[in-house]
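Please look over the sequence and the structure below before reading the report that follows.

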Amino acid sequence: MTTESESALARTVLIHGPISRAALAVRLGMSPASLTRLTKPFLDRGVFVELGEVADGVGRPSRPLDVSDALGTFLGVKLTGSDAFAVLTDVRARVLGETVIPLDDHRPATVVQALVSALAAVTDGAGRTPTGIGISLGGFTDGSEVAWASFLEWSGVPLGRLVTEATGVPTRVENDLIALAEAERWFGVGRGLDGFSVITIGAGVGYGLVAGGEVVRTPDAGVGLGGHIPLDPHGPLCQEGHRGCSQAMLTSGSIVAQARTALQRPVDYDDVLDLAASGDRAAVAIVHASARALGRLIALATNLTLYSDVVLGGEGMRLFAVAGQTVRDAVAAGRDPRASEVRLHVDDSGFPAWARGAAAVAIQDAFDRLD
């Protein structure tokens, strides 16, 4: 296994590469001699590659280091109660292919077969074996066993072991919010940031946090505690009886239920947003109330964490496209005017972003396994 210094070197080149040796030495606080000693084995084994010479300030031209594409590809899968959303990525979590496999039922054997089918689909059936597989889901996991997953109605399912046995590929299972936050920290807008919040909306409301450059991992990280924060004293009730909480104000199911009651006809989530965008009064009232609630949640997150960057994602994030200014106005109303400007980073790609997060933790796992 690699030493702590070697792991730090590999992670830094992966996250910040291509990077000059001078910049790398500064980031790691190493002398040039120590850096050369640590770098050589990675170059010899093909983990790192040297790129062409570039000007580096007033000194001699340098040859930046980067990770090698030969490290392989990675399968990332986001599991919901109805589907397996899968992407194939390169070593920096750039999506190379994607697919969706419906889940006929929640039996572990069915889910494992869906993952095998997803792997075949994204590799065009060529049988190319990825370096690692990452799986994300809502619930608790120790990295391999799913202790609890509400949408799948699971407890104590050794999913990682089952998938590895079926594919022969090392597999890591992670909470979906943690995986998404890790992807943003390593490969997204969070690179180089000391801290930021991640807020997602869709079937549920998710909240994750990066502090001190690390994703916060506690026993409560998978509980969904962001789901019942009170946001509107006059809002609808959630299923647990909380009035105007984030679940009641921001989930797609609650927004649809309110619209069906107001319009007296069947609609889906996109219908409601389309109606609001076209000026339908009932839809406008519902959508903009939700947008104000999202703004309040963002303001609370930034006020309490003291970090002013927020990543917004989830399959319901089209809400921001329709009512983004309402969200921003509510954020401003919930902040002290002397506070830092809140920087919103919106990812409206939906389920592929969740799957890419799963691939990111597989990449992390592969780097932890370097020897």
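## Pockets and cores

The second largest pocket has a volume of about 400 Å³, and of the 17 residues lining this pocket, I15, H16, R185, G213 and E214 are the closest to its centre. This is a predicted model, in which local features need pLDDT of at least 70 and side-chain atom pairs count only at pLDDT 80 or more, while totals for chains, interfaces and linings use all residues. Residues are numbered from 1 along each chain as its sequence is written, and side-chain values use heavy atoms, with hydrogens and water left out.

A pocket here is an open set of points on a 1 Å grid over the protein atoms alone where a 1.4 Å probe fits, with protein on both sides within 12 Å along at least five of seven lines, and lining residues have an atom within 4 Å of a point. A volume is the space filled by probe spheres set on the points, which are joined across faces, edges and corners.

The largest pocket is lined by 49 residues, with F151, G204, V205, G224 and Q247 nearest its centre.

| Pocket | Volume | Top contributor to lining |
|---|---|---|
| Largest | about 1200 Å³ | β11 (205–211), 5 residues |

Helices (H or I, at least four residues) and strands (E, at least two) are DSSP runs, numbered from the N terminus.

The largest nonpolar core has 36 residues, and I199, L250, L294, I298, L312 and L319 have the most contacts inside it; α10 gives the most to this core, with 10 residues. Such a core joins buried (under 20% relative accessible area, 1.4 Å probe, protein chains only) Ala, Val, Leu, Ile, Met, Phe, Trp, Tyr and Cys residues through side-chain atoms within 4.5 Å.

Technical notes
Buried means under 20% relative accessible area, exposed over 50%, partly exposed in between (1.4 Å probe, protein chains only).
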